Amino acid sequence: MTGTRCTYRDEDVLAWVLGDAAGARGDELTLHLAECRPCRERAEDYCALDRSAGACREGAVIRWRAFETPFGRMRIAASRKGLVRLTWRPLDDDAFVGGLEERYRKAPVVCDCDYLAPVEEQLREYFDARRTRFDIPLDLDGVTDFQRHVLTATAGLGFGEVATYTDIARRIGRPRASRAVGNALGRNPLAIVIPCHRVVRSDGSLGGYTGGPEYKEALLALEGRRDLLDEDEPALGLV
Amino acid sequence: MESATLTEYRSAPQPIDVPVDDWASRYGDELERHVTRMLRSVDEARDVVQELWVTALRVPPDWGEGSNIRAWLYRVATRRALDVLSARRRHDGALETRSRELEPERPVRPDAAFRGLSREGADLVRTRVAALPSRQRDAVWLRWIEGVDYETIAQRLDCSQDAARANVYQGLKRLRRELAGLWKEEDLR
């Protein structure tokens with residue numbers, strides 16, 4: 001601009017490019033862009049940046065969402081392919097996001113707007129005993145082949161159906177690997193949806209549960225398997 | 001979408017008949033002058049304005065009472081002129097096109113193939129977005145990538161609309177700084 005000083009700030013130009021600058025002020029800036037070289041060059045930059053948004057429309061992204069459940073605050077995360085994490089362990093949102101950032105360094109980890117609402121809805125229905133199976137795409141790309149076999153076999157267990165660690169080991173063709181099966185399930189990134197709570201020990205005891213044994217009992221109780229529980233120690237009392 | 005269409009039908013004497021000729025005779029000259037001032041080229045300015053009429057036919061603005069058609073035309077023409085400048089300055093704008101008002105019928109210059117970003121370029125953009133502070137990242141993603149309005153973003157992030165907007169702007173300003181070198185590099189490919 002020649003003569004007078006330009007009064008437009010960086011934010012004004014950015015607002016114009018984003019389509020946020022409505023009304024007279026936006027119109028003034030439109031005309032101003034023909035006059036003022038610094039503003040025009042800024043606008044060019046922001047237009048170029050705007051076009052590069054396409055890089056994010058296609059590529060990897062991790063969306064996360066948190067909501068309250070009878071188990072406390074539940075946090076879920078998904079890639080474009082499917083759910084990658086479900087946990088209610090007592091960590092805060094920042095720690096959850098930090099863990100995802102560490103795991104997915106190149107993918108922006110962003111808070112979800114609507115994308116994961118159907119997943120939340122299905123989990124709510126499950127906790128309300130109105131749903132017995134999940135219809136949610138899963139993304140198991142981050143796990144080892146062995147763990148994927150174990151998780152896939154476990155995912156085949158229906159509502160209220162239980163199997164032993166040895167059963168799962170047999171199903172994946174590794175009959176002597178029941179301990180390794182237990183370890184793999186202990187690192188199940190998708191609790192509940194991949195029902196590792198339905199896998200118990202051969203001696204009839206429930207076995208461990210990463211989220212805490214009381215949650216395993218509560219889930220089995222929710223699924224109508226109070227017969228497996230120790231009568232003296234009531235579960236969390238979901239139902 | 002439906003209501004917008006209904007508005008158009010109500011306000012337009014004949015729904016299909018976009019009065020582009022009328023606009024061209026009323027505003028054509030001043031738009032060309034405006035764009036020429038930006039591009040310093042009468043021919044290119046004429047191209048931009050011609051293209052504007054095509055755009056207006058394909059994606060007609062709402063020209064009902066109270067709508068400022070002149071402002072709309074200026075805005076779209078300016079946006080396109082900036083794209084031309086950008087392509088010129090960056091040699092052969094090796095960037096994916098993305099524009100809210102219009103989809104280019106053809107590259108801004110016949111020889112400027114608007115390729116997508118290279119794989120490395122796209123990775124870099126994502127990595128820089130991923131490295132934004134989380135509030136800015138959330139806000140930038142929702143506004144810039146998903147086109148969510150500020151009211152919804154504010155609800156989602158549990159903050160005021162002003163704060164949501166400030167986070168979007170801070171994030172994009174930072175990206176502009178951090179990615180400034182990218183476009184030049186992409187041009188050299």
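This short talk walks through the domains, a sheet, a helix pair and a chain contact of the structure shown above.

Before anything else, please keep in mind that this is a predicted model, in which local features need pLDDT of at least 70, side-chain atom pairs count only at pLDDT 80 or more, and totals for chains, interfaces and linings use all residues. Residues are numbered from 1 along each chain as its sequence is written, while chains are lettered from A and ligands numbered from 1 in the order in which they are written.

Let me begin with chain A, where the domain assignment gives domain 1 (10-52), domain 2 (59-127) and domain 3 (145-228), with the bounds coming from an automatic or database domain assignment. The C-alpha centres of domain 1 of chain A and domain 2 of chain A are 36 Å apart.

Now to the sheet in chain A. Helices (H or I, at least four residues) and strands (E, at least two) are DSSP runs, numbered from the N terminus, and two strands pair if DSSP finds at least two bridges between them. In chain A, four strands make an open sheet with mixed pairing, in the order S3-S2-S1-S4. Strand S3 (83-87) and strand S4 (109-111) of chain A are at the edges, each having a single partner strand, so one side of each has no neighbour in the sheet. From one strand to the next the twist averages 25°, where angles run from 0 to 180 degrees between N-to-C directions and axes are lines fitted to C-alpha atoms, for helices over the stretch in contact.

How do strand S1 (residues 62-69) and strand S2 (residues 72-78) of chain A run, parallel or antiparallel? They run antiparallel and are joined by seven bridges, and S1(A) and S2(A) form a hairpin with two residues between them. Within this pairing, Trp64(A) has Ala77(A) as its bridge partner in S2(A), and Phe67(A) is opposite Met74(A) in S2(A). S1(A) and S4(A), by contrast, pair in the parallel sense over three bridges, and Ile62(A) stands opposite Val109(A) in S4(A). Helix H5 (residues 93-103) of chain A lies across S1, S2 and S4 of chain A and runs at about 150° to S1(A).

Next comes a pair of helices. Helix H7 (residues 145-155) and helix H9 (residues 178-186) of chain A pack at an angle of about 85°, and their axes are 9 Å apart. That angle makes H7(A) roughly perpendicular to H9(A), a label that covers 65 to 115 degrees, with angles under 35 counting as roughly parallel, over 145 as roughly antiparallel and the rest as oblique. Phe146(A), Gln147(A), Val150(A) and Thr154(A) in H7(A) meet Ala180(A), Val181(A), Ala184(A) and Leu185(A) in H9(A), contact being C-beta atoms, placed from the backbone, within 7 Å.

Finally, which chain gives 46 residues to the contact, and which gives 35 residues? Chain B gives the 46 residues and chain A the 35 residues. Several helices of chain B each supply at least two residues of the side that touches chain A, including helix H2 (20-39) and helix H8 (161-188), and the largest share, nine residues, comes from H4(B).

Methods:
Two residues are in contact if their C-beta atoms, placed from the backbone, lie within 7 Å.
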